[in-house]
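Hello,

Here is the structure you are taking over. My notes on it follow below.

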Amino acid sequence: MKKYTFTEKKDTRSGFGAGMHVLGQQNPNVVALCADLVGSLKLEAFIKENPDRFVQCGISEANMIGVSAGLTIGGKIPFATTFANFATGRVYDQIRQSVAYSNKNVKICASHAGLTLGEDGATHQILEDLGMMKMLPGMTVINPCDYNQTKAATIAIADHEGPVYLRFGRPVIPVFTDADQVFEIGKAWMVNEGTDVSIFATGHMVWEAIQAGEQLEAEGINAEIINIHTIKPLDEEAILKSVSKTGCAVTAEEHNRLGGLGDSVAQVLVKNKLVPQEYVAVNDSFGESGTPAQLMEKYGLTAKDIVAAAKRAIERKNA
Amino acid sequence: MEIEQLEKVASQVRRDIVRMVHGCQSGHPGGSLGCTEILVALYFEQMKIKEENGKPVFDMNGEGEDLFFLSNGHISPVWYSVLAHKGYFPKEEMATFRKLNSRLQGHPTTHEHLEGIRIASGSLGQGMSAAIGAALAKKLNKDTRTVFVLMGDGEQQEGQVWEAASFAPHHEVDNLIAMIDLNGQQIDGPTLKVMNNRDLGKKYEAFGWEVITIEEGNDMAAVVKGLYEAKSRLGHGRPIMILVHTGMGFGVDFMMGSHKWHGVAPNDEQLAAALGQLEETLGDY
């Protein structure tokens, strides 16, 4: 098992803020919009240096999406930012009509996704956003795994023509990817090559998958771990190549098991190469208040849950 | 363009509207007929549009030209006809309205790359937000042209409209002229009965808009004058709202003033009766 170490823990939303800071200096067409959550989205550095390219929208997410769509008419690259719940479910029709169907170059940047938002509870913990966004034709859906990858993804999507949903979160987690990485949309990242089971993980679950890989190794199981940071377009080739070798799969995501990464992978497997697949995901339920660690434990989204899923997948393969 | 010439264009546009809706037995003639003066006055008199050899040159960004957004997208027939006669696309294409494989979708879209359209509309309440964004982009680009947007009065019941209504004065979007088609009708009946909008002028004034009214929205001279009046007030820190009183179905006597023709197509006899009231001036498609 390849060794991953870290010297610090950071939140992925700060990676987004750092990416925006860079974009503010590099790309004069980038405009940031926010619906009264500037501190939560870590936009202070961008705003300080580019006050004319920041648009405070107030608590009016629907209008923010529409204004963003309009800004693209005139060549701007709007980054519309708020919590994931308000960036997707609350404004689904605005995204559908004014952004996706109209093929507008809007970047919807969503923080505080999933259970790890924590104490605010289920009203704010969206677990359906990946599903909603990936169903929109033409939408690119990205869920990076740590601070550095989120920063790199933020910078990369400015150069991608077309609507993008970028999902990140609130908790501080290990920073284990390279600081100077180049983010390639739609290209899965091989975290660890293995032979016994393929673990496809996204977002905060990638670090959990690495820890699971180490536990499995201690038990003599050689896990392949792949970071699917881009849910759409999905790197089908990487998935099929991996399961051709391992013969079984685990998907891990901080999302409802319905409609997320797991279902996207399942579709590829059903169509091309049927192998056993186990889901590590929220089992069609809402979240609740608690610390991020407590919630991930209660809803079955930890390294130990990935280990158990990997063993089930291997057992089914060998049955 | 002289008022008399604009009226001739309007007559042809009205013929196109009833023929398009009849041709596919689907669509919204009432609001389209009522807004004919507004769109003709905008495109043939008011708006500066990039042209080459007398024809519009369409590009999505629209830098250096005035932009129009139709928020109440269901009145697409009037927009399609005006765009076609302006020269954005061949007028024969109007025959494909609402039919399979057409660029003239039921509601306007950019998906089929129809020249003149910059965003999909029809899911009500979204157009003004987009127009505000386009107006902000013009300011960032130091482009001094104007952005226009038309909404329906029933559409004022959508919450997003009021998010946008708060936003534009706060951000001093003073290169924007919004218009509301006050025809007093919506699908389920008179707006007063379905959901009373109360005094829209006072509402927008309270939100920080400069509000003017065109009492006779189907009088071409009044519409042209009102648009110039609105334009003269731009650039002073406030967006402009024009309340335009129109008659749903105006120009076809049996369609006038009733919500019943909001979304109903005429049959053959009704088409003949309607065309009998509308002079063919620029040639039917």
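Between chain B and chain A, 17 residue pairs are in polar contact, counting pairs with both residues at pLDDT 80 or more; the confidence cut-off applies because this is a predicted model.

As for the extent of the interface, chain B brings 29 residues to the contact and chain A brings 27 residues. Together the two chains bury about 2100 Å², and carbon and sulfur atoms account for 57% of that. Three residues stand out on the chain B side: Gln126(B), Leu140(B) and Glu163(B) supply 24% of the area that chain B buries against chain A, more than any other three residues.

In terms of secondary structure, the side of chain B that touches chain A draws at least two residues from each of β3 (67-70), α5 (127-140) and α6 (159-170) of chain B. The helix α5(B) gives the most, with eight residues. By residue type, this side of chain B consists of 13 nonpolar, 12 polar and four charged residues.

An unreviewed UniProt entry places the feature "domain: Transketolase-like pyrimidine-binding" at residues 10-175 of chain A. In the model, that span of chain A is 39% helix and 19% strand.

Regards

Definitions and conventions. Residues are numbered from 1 along each chain as its sequence is written. Chains are lettered from A and ligands numbered from 1 in the order in which they are written. This is a predicted model: local features need pLDDT of at least 70, side-chain atom pairs count only at pLDDT 80 or more; totals for chains, interfaces and linings use all residues. Side-chain values use heavy atoms; hydrogens and water are left out. Contact means heavy atoms within 4.5 Å. Buried area is the accessible area (1.4 Å probe) that two parts lose on being put together, summed over both. A polar contact is a pair of N or O atoms within 3.5 Å; within protein, one must be able to donate a hydrogen and the other to accept it, and residues adjacent in sequence count only if both atoms are side-chain atoms. Helices (H or I, at least four residues) and strands (E, at least two) are DSSP runs, numbered from the N terminus. Ala, Val, Leu, Ile, Met, Phe, Trp, Tyr, Cys and Pro count as nonpolar, Asp, Glu, Lys and Arg as charged, and the others, Gly among them, as polar. UniProt positions are given in the numbering used here, feature names are shortened, and annotations may be inferred rather than shown by experiment.
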